[in-house]
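Me: Please go through this model with me, one question at a time.
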Protein chains: 2
Amino acid sequence: MKEKPLILVTNDDGIVAPGIRALVEIAAKFGEVVVIAPDSPQSGQGHAVTIMDPIRLNKVSVFPGIESWECTGTPVDCVKLATNVVLKGRKIDFCLSGINHGSNASINILYSGTMSAAMEASLEGIMSLGISLLDYSQNADFSASKIVLEKILQKLMVSNGSKPYLLNVNIPNVPIDQIRGIKTCRQAQGNWEEEFMEAKDPRNQTYYWLTGKFVNYDKEEDTDLWALENNFVSIVPSHHDLTNYSALSSLSYFNEVDVYG
Amino acid sequence: MKEKPLILVTNDDGIVAPGIRALVEIAAKFGEVVVIAPDSPQSGQGHAVTIMDPIRLNKVSVFPGIESWECTGTPVDCVKLATNVVLKGRKIDFCLSGINHGSNASINILYSGTMSAAMEASLEGIMSLGISLLDYSQNADFSASKIVLEKILQKLMVSNGSKPYLLNVNIPNVPIDQIRGIKTCRQAQGNWEEEFMEAKDPRNQTYYWLTGKFVNYDKEEDTDLWALENNFVSIVPSHHDLTNYSALSSLSYFNEVDVYG
């Protein structure tokens, strides 16, 4: 680790969201921070990349003394622009994405622009954290999150030369003195039970708007949802290998198929 | 399995892409097909969902005798509308997504709208296949892909009561008599080496446009990239659990952190 690590900060709620401001404050204690974040909210963008359209990138003054850029693309676009344009040729030591307004625990990692940005950075060999507070509101209180994040970064800074993990960090929405600690855990099995709001526009045409509630099917104590429900911070080490290894042997019958028989 | 299974067909190249036409032709041999696909190309959308905007859904006549809907949303939106609106209350037996114009092997699964649609269906307990041909062109030849797909579906139809797997199927771009067979395999470790095209718009403002080339770092014979390079069809059983289980023990030091000490 260098004397002053280079820390890329991004998010999916947009560069003016309170969550990224909290993140920048803490990150700046640990190294040189460069912010590259979307110019508008990008929640639910998952691992989307902009390939059919051009992207704009503009230097902005949002955080005093911190080099900051806003981008018209997705969170993953921000990371690609960071590694290939803004910070090209420089070694990025950490990517911190967030602090997200709302949970990215369980399968929310799939939909989350916050976590996809962190995953994109991890594909480049960068130690990457997505950090989320379990409060969707714009006026969420990030004071406990900042304390927790500082503790986590202190631990990571001394784990010199560690593998570049991808960590999905979720923080319960309670005051710091009610947080019972940190738990490393696995992603719980849950799902969204969706309903679409169906309505008519001013021209009497039907439209649909996604809504729904999250349901936890997995009550085991080694999961992120259990940790959060019990006021622990959850850390799920995550990765980009989606292979279902345990299914490989069950499907070996495909290897016998004569494709042109 | 019912006498006539209900098959949801979707894609990310849009409802008028040649690849989905090829898929509908084969799917219709096996069951009742309902198509719900994007009204425009959605490549690279990953697992994006539309949460900040309304979505339109219109019944269209694209495939003779097949119930078809086009949707203004992402591939994942299409699947959510299928399960929650169009086919609400009906058991969907299969979700077939594709045939994608271009590879979704290796880490392309992360960026792929085709595979994200299939994954979304698999979250609902539906046996789901994303199918891709290694040819990005609009005039790709799907004749070999159709033969391969029919063989795969024949196998799946007899695996009555099988678990609802999520399968990432990629087909090499060669004539059928050069396809050597099918291989179940793991997702190879590869990455995109990106470059952004940087140019000026008519108002002399800079824009960036994503480009790049895929690099395979993983030459092992049990990978999808090896199979495809050797003219095998690759099938990678995939899943939505992104937990990096092997990292859990290395990170147990986090469990000792005193968050408010």
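Reply: In chain B, strand 6 (residues 127–133) and strand 7 (residues 166–171) run parallel and are joined by 6 bridges. Strands here are DSSP runs of E with at least two residues, helices are runs of H or I with at least four, and both are numbered from the N terminus. Two strands pair if DSSP finds at least two bridges between them. The model is predicted, so local features need pLDDT of at least 70 and side-chain atom pairs count only at pLDDT 80 or more, while totals for chains, interfaces and linings use all residues. Residues are numbered from 1 along each chain as its sequence is written, and chains are lettered from A and ligands numbered from 1 in the order in which they are written.

Me: In strand 7 of chain B, which residue is the bridge partner of L129(B)?
Reply: Strands 6 and 7 of chain B are joined in the parallel sense. In strand 7 of chain B, L129(B) has as its bridge partner L167(B).

Me: Which strands of chain B stand at the edges of the open sheet?
Reply: The sheet has 9 strands in the order 3-4-2-1-5-6-7-11-8 (chain B), with mixed pairing. Its twist averages 20° from one strand to the next, where axes are lines fitted to C-alpha atoms, for helices over the stretch in contact, and angles run from 0 to 180 degrees between N-to-C directions. An edge strand has a single partner strand, so one side of it is left without a neighbour in the sheet; in chain B this applies to strand 3 (57–60) and strand 8.

Me: What angle does the direction of helix 5 of chain B make with that of strand 7 of chain B?
Reply: Helix 5 of chain B packs on the sheet and touches strand 5, strand 6, strand 7 and strand 11 of chain B. Its direction and that of strand 7 of chain B make an angle of about 150°.

Me: How many residues lie between strand 9 of chain B and strand 10 of chain B in their hairpin?
Reply: Strands 9 and 10 of chain B pair in the antiparallel sense over 11 bridges, and one of the pairs is E194(B) with G212(B). In the turn of the hairpin, N204(B) has a positive phi of about 65°. The number of residues between the two strands is 5.

Me: Which helix of chain A lies in the β-α-β unit with strand 1 and strand 2 of chain A?
Reply: Strand 1 (residues 6–10) of chain A pairs with strand 2 (residues 32–38) of chain A in the parallel sense over 4 bridges, and L6(A) stands opposite E32(A). The unit is right-handed: with the strands pointing away from the viewer, the path from the first strand over the helix to the second runs clockwise. The helix in this unit is helix 1 (residues 18–27) of chain A.

Me: Is V79(A) buried or exposed?
Reply: V79(A) sits in helix 2 (residues 75–86) of chain A. A residue is buried if 20 or more other C-beta atoms lie within 10 Å of its own, exposed if 12 or fewer, and partly exposed in between, with C-beta atoms placed from the backbone. V79(A) has 30 C-beta neighbours inside 10 Å, so it counts as buried.

Me: How many of the 11 residues of helix 4 of chain B are buried?
Reply: The buried residues of helix 4 of chain B include G113(B), M115(B), E120(B) and L123(B). The helix is largely enclosed by the rest of the structure, because the buried count is 11 of the 11.

Me: Which residues of chain B does L242(A) touch?
Reply: L242(A) is in the segment after strand 11 (232–238) of chain A, and it is buried, with 22 other C-beta atoms within 10 Å. Contact requires C-beta atoms, placed from the backbone, within 7 Å. Not counting residues up to four places away in sequence, L242(A) touches I109(B), Q187(B), S238(B) and H239(B).

Me: Which strand of chain B gives the most to the side of chain B that touches chain A?
Reply: In this interface, 69 residues of chain B are in contact with 69 residues of chain A. Among the elements that give two or more residues to that side of chain B are helix 2, helix 4 and helix 5 of chain B. The element that gives the most, with 5 residues, is strand 11 of chain B.

Terms used: Contact = placed C-beta atoms within 7 Å.
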